[in-house]
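Here is a short report on one protein model. Look at the sequence and the fold first, then read on.

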Amino acid sequence: MTGRLDGKIALVTGAGGGIGRATALRFAAEGASLIVADLDETLIHKTAALITGSIAVTGDVSQRADCARIVETATKQFGRLDILVNNAGIMRDALTTRVKDGDVKMMSDDQWDAVLAVNLKGTWLMAQAAAVPMIAQKGGRITNTSSISANGNAGQANYAASKAGVIGLTRTLALEWARYHIGVNCVAPGAINTRMTAAIPEKVMEGLLARIPLARLGEPEEIAAAHVFLASADASYITGQVIWVDGGVSLG
């Protein structure tokens with residue numbers, strides 16, 4: 001039985017764990033050859049060890065030279081690059097203190113700059129680097145990662161802004177690169193069962209679950225399934241779109 005991504009070369013960033021690792025594993029199961037990248041050398045080698053023939057690369061997606069090196073590793077090893085999943089991302093939420101008049105949000109310049117550098121600039125830099133071989137081969141698929149927080153989330157001005165920016169970037173790249181037969185789309189997860197959500201206090205988690213129509217967290221594998229679809233031939237006529245994988249939260 002053939003996989004949906006047989007013969008494809010795929011690069012997944014932020015693949016050291018969570019959604020990124022689940023996506024890399026699913027892509028491999030569907031027949032793709034993998035380059036997995038992450039800032040954490042230990043974690044990315046653990047992911048690579050789970051996927052026969054995969055290549056692990058460490059790098060910081062907020063740095064242009066690292067992005068170029070990651071893509072160059074893919075093309076040198078496999079001769080081409082068919083799929084990029086821009087999954088790398090971080091959170092640096094503001095400190096929130098309850099006072100008489102409401103919430104006072106305190107966010108430092110460092111928190112703002114770090115999140116925008118990785119989540120938005122990093123998405124752009126990786127897409128730009130990946131577009132070079134994709135344009136040369138006249139085709140490719142890029143899937144970026146937004147979030148339900150793109151619609152706004154108190155205490156996450158930096159994160160929400162970065163993820164809303166990813167949506168705008170996705171739509172713009174889809175328009176610019178359609179003539180090269182490069183499809184550019186976006187997956188916007190809701191609350192997913194990862195290390196990030198594991199740190200959420202119990203009371204906060206109760207409130208979060210109450211706002212999810214499906215009344216549960218999503219699993220990384222459920223986001224990976226959306227990534228497989230968008231990278232496959234089944235999505236060949238889809239570009240510039242956002243798929244909300246959020247248990248119904250975006251319905252309002």
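## Helix H3 and its buried side

The buried residues of H3 pack against E1, E2, strand E3 (55-58) and H4. This is a predicted model: local features need pLDDT of at least 70, side-chain atom pairs count only at pLDDT 80 or more, and totals for chains, interfaces and linings use all residues. Residues are numbered from 1 along each chain as its sequence is written, and side-chain values use heavy atoms, with hydrogens and water left out. Helices (H or I, at least four residues) and strands (E, at least two) are DSSP runs, numbered from the N terminus.

Which residues of H3 are buried? They are Cys67, Ile70, Val71 and Ala74. They cover an arc of only 85° around the axis, which puts them on the same side of H3. The arc is that of the directions from the helix axis to the C-beta atoms. Ala65 and Lys76 are exposed, on the face of H3 turned away from its buried side. Buried means under 20% relative accessible area, exposed over 50%, and partly exposed in between (1.4 Å probe, protein chains only).

## Length and end of H3

H3 has 15 residues, which should span 21 Å at 1.5 Å a residue; its end C-alpha atoms are 21 Å apart, which agrees. The expected span is 1.5 Å times one less than the number of residues. Gly79 follows H3, and its phi is positive, near 85°.

## The sheet

Seven strands form an open sheet with parallel pairing, in the order E3-E2-E1-E4-E7-E8-E9. E3 and strand E9 (242-245) stand at the edges with a single partner strand each, so one side of each has no neighbour in the sheet. On average, neighbouring strands are turned by 15° against each other, direction ignored. Two strands pair if DSSP finds at least two bridges between them.

Now for the pairs. E1 and E2 pair in the parallel sense over five bridges, and Ala10 has Leu34 in E2 as its bridge partner. Four bridges join strand E4 (residues 83-86) to strand E7 (residues 140-145), which run parallel. Ile83 has Arg141 in E7 as its bridge partner. E7 and E8 pair in the parallel sense over six bridges, and Arg141 stands opposite Gly183 in E8.

## Covered strands and a helix across them

In a regular strand the side chains alternate between the two faces of the sheet. In E1, Ile9, Leu11 and Thr13 point one way and Ala10 and Val12 the other way, and all are buried. E8 is mostly covered: eight of its eight residues are buried.

H4 lies across E1, E4, E7 and E8, running at about 180° to E4. Axes are lines fitted to C-alpha atoms, for helices over the stretch in contact, and angles run from 0 to 180 degrees between N-to-C directions.

## The cores

A nonpolar core is a set of buried Ala, Val, Leu, Ile, Met, Phe, Trp, Tyr and Cys residues joined through side-chain atoms within 4.5 Å. The largest has 31 residues; Leu11, Leu81, Met126, Ile142 and Trp177 have the most contacts inside it. H4 gives the largest share of this core, nine residues.

Leu81 touches residues including Ile9, Leu11, Val71, Ala74 and Met134, not counting residues up to four places away in sequence. Contact means heavy atoms within 4.5 Å.
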